[in-house]
Amino acid sequence: MDERREQLIAVALELFSRRPPEEVSIDDIAAAAGASRPLVYHYFPGKQALYEESLRRAGRELAGRFEEPAEGPLSDRLHRVMGRYLDFVQSHGPGFAALLRGGSVAASAGTSAVIDEVRQAAADQILAHLAVPVPSPGLRLTVRAWIANAEITSLEWLAERSVPLEELQLHLVQEFVAALTLTAAREPALAAELAGFFAGERPDGPTGLLLRDLAALFAVPGVADSLAALATGPATTD
């Protein structure tokens with residue numbers, strides 16, 4: 001692989017990570033790389049091609065951050081994954097925010113394909129950790145919806161940074177646990193497959209902390225009675 005081409009890609013990705021792609025020019029990339037404008041065009045037909053190639057590199061890196069050994073409690077694994085994901089989001093903020101929000105003039109079918117590949121890789125990794133032999137459509141939808149929620153939430157955090165990053169990391173994992181539990185409640189077969197999930201969790205892990213928070217909620221005067229009434233419902237007669 002040509003070292004000069006690789007340098008241009010690395011420099012472009014750094015610039016796109018710090019500024020929206022529409023604010024980065026070929027001249028900016030050439031200057032940052034210590035190269036001439038004609039040299040950039042020797043390797044790439046234009047900024048769009050260079051942008052898409054830098055995104056492919058970043059996409060592979062981001063997809064790799066979802067890889068985690070299948071050892072230990074599931075929510076602990078996801079907590080480490082989300083830590084790496086959010087670190088990536090933070091360091092590549094402006095360029096990826098513009099792309100994922102669909103507001104960038106540099107967005108195209110090529111850039112959309114890169115993001116779709118990352119989403120699919122993330123979904124595949126999460127499903128692999130769940131170790132369900134044949135994931136149901138409902139489970140697949142739950143995983144994809146959670147990934148979409150993680151994107152939206154992290155982009156909002158980039159804009160406001162209203163909570164500590166570690167707090168966001170924990171909340172995203174707990175939201176997945178809650179969504180997974182709800183899906184299992186609707187699918188008896190999935191509930192049976194996930195029977196060992198809670199058994200493998202730690203009391204001080206993300207799932208244990210979530211259950212503790214729920215227990216505290218149920219202890220609020222009137223809440224437990226109200227929920228019990230909702231769950232029981234009015235008596236019915238034939």
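R37 is partly exposed, with a relative accessible area of 39%; here buried means under 20% relative accessible area, exposed over 50%, and partly exposed in between (1.4 Å probe, protein chains only). Its side chain forms a salt bridge with that of D27, at 2.8 Å from N to O. A salt bridge is a side-chain nitrogen of Lys or Arg within 4 Å of a carboxyl oxygen of Asp or Glu. The pair joins distant parts of the chain, with D27 in helix α2 (residues 26-33) and R37 in helix α3 (residues 37-43), 10 residues apart. Helices are DSSP runs of H or I with at least four residues, numbered from the N terminus. D27 is also partly exposed, at 43% relative accessibility.

The model is predicted: local features need pLDDT of at least 70 and side-chain atom pairs count only at pLDDT 80 or more, while totals for chains, interfaces and linings use all residues. Residues are numbered from 1 along each chain as its sequence is written, and side-chain values use heavy atoms, with hydrogens and water left out.

D87 and R65 meet through their side chains in another salt bridge, at 3.1 Å from N to O. This pair too links distant parts of the chain: D87 lies in helix α5 (residues 74-91) and R65 in the loop between α4 (47-64) and α5, 22 residues apart. R65 is buried at 18% relative accessible area, whereas D87 is partly exposed at 38%.

In the salt bridge between D28 and R19, the closest N and O atoms are 3.2 Å apart. D28 is partly exposed at 27%, and R19 is partly exposed at 26%.

Salt bridges also link E6, E53, R56 and R57 in a network. The whole structure contains 14 salt bridges.

How values were computed:
Helices (H or I, at least four residues) and strands (E, at least two) are DSSP runs, numbered from the N terminus.
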